[in-house]
Amino acid sequence: MGGITVDWLVRLEPQLILSGSQSSAPVTAYLGGVLGGRPAVTRHRIGDALTWYVSTRPDDDTYRRLLTEAARRAGVTPVCPAAPPGAEAVRRRDRDRSRLFLLNHTDRPHRVPAAGLELITDEPVDETVTVPAGGVAVLREPPR
């Protein structure tokens, strides 16, 4: 997986990490130091669930890649895959209605692919909506 970690280690479950448990699979290992070659991140299957253990604090890029991989394995997919970093998208549905909530956590406006009626401005959106810096957009999406 690669990446940089802060020189900090918590051994919550050392017997699981260091014993090479049959159902525990290493994801990535330390490259050097006293823990060189030992797992830094492991996965452990418990029934239908897959648990992850991270024994260090990774840098932001490594953390993002790790969470993306864990989400992918869990079958979680992004609501708006083309949304830029810093834009959060949440969809709420019932039988015949769908609302898309877009939050911009950055200090600059973002254009996010979407369609429907933007409920805050009462403006129709055909392809993209601009979410202001630190702002939100709420769309009533067209029926499917």
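**A guided look**

Guide: The accessible surface of this protein comes to about 9,900 Å², and carbon and sulfur atoms hold 54% of that area. Please keep in mind that the model is predicted.

Visitor: How confident is the predictor, going by the average pLDDT of the protein?
Guide: The average pLDDT is 84, and 84% of the residues score at least 70. Over residues 4–21, though, the pLDDT is below 50. That stretch still has 30 contacts in the model beyond near neighbours in sequence. Where pLDDT is low, the predicted coordinates should not be read in detail.

Visitor: How many helices and strands does the protein have?
Guide: There are 2 helices and 10 strands. Along the sequence, they follow the pattern α-β-β-β-α-β-β-β-β-β-β-β.

Visitor: What makes strands S2 and S3 a pair?
Guide: Two strands pair if there are at least two bridges between them. Strand S2 (residues 39–46) and strand S3 (residues 49–54) have 6 bridges, in the antiparallel sense, so they count as a pair. One example is threonine 42, whose bridge partner in S3 is tyrosine 53. The hairpin of S2 and S3 has 2 residues between the strands, and in this hairpin glycine 47 takes a positive phi near 60°.

Visitor: Why is histidine 110 called buried?
Guide: Buried means under 20% relative accessible area. Histidine 110 has 7%, so histidine 110 counts as buried. Its place is in strand S6 (residues 110–113).

Visitor: What does the side chain of histidine 110 reach?
Guide: The side chain reaches the backbone oxygen of proline 85 at 3.4 Å. Beyond neighbours within four places in sequence, the contacts of histidine 110 include Pro84, Asn104 and Val129.

Visitor: Is serine 98 buried or exposed?
Guide: Serine 98 has 9% relative accessibility, which is under 20%, so serine 98 is buried. Serine 98 sits in strand S5.

Visitor: What makes the link between the side chains of serine 98 and glutamate 141 a polar contact?
Guide: The cut-off for the pair of N or O atoms is 3.5 Å. The side chains of serine 98 and glutamate 141 are joined at 2.5 Å, so this distance is within the cut-off. Serine 98 also has contacts with Arg91, Arg92 and Leu139, among others, leaving aside neighbours within four places in sequence.

Visitor: Which residues make up the largest nonpolar core?
Guide: That core has 11 residues: Cys80, Ala89, Leu100, Leu102, Val112, Ala114, Val125, Val129, Val131, Ala137 and Leu139. Strand S5 (98–104), strand S9 (128–131) and strand S10 (136–140) each supply at least two residues of this core. Leucine 102 is in contact with several other residues, among them Cys80, Ala89, Val112 and Val131, leaving aside neighbours within four places in sequence.

Visitor: How much of the whole protein is buried?
Guide: Buried residues make up 27% of the 144 residues.

Methods:
Residues numbered from 1 in each chain as written. Predicted model: local features only at pLDDT ≥ 70, side-chain atom pairs only at ≥ 80, totals over all residues. Heavy atoms only, no water. pLDDT = per-residue confidence, 0-100. Contact = heavy atoms within 4.5 Å. Helix = DSSP H or I, 4+ residues; strand = E, 2+ residues; numbered from the N terminus. Buried < 20%, exposed > 50% of the residue type's maximum accessible area, 1.4 Å probe, protein only. Polar contact = N/O pair within 3.5 Å; in protein donor to acceptor, adjacent residues only side chain to side chain. Areas by Shrake-Rupley, 256 points an atom, 1.4 Å probe, with all protein chains shown as cover. Core = buried A, V, L, I, M, F, W, Y, C linked by side-chain atoms within 4.5 Å.
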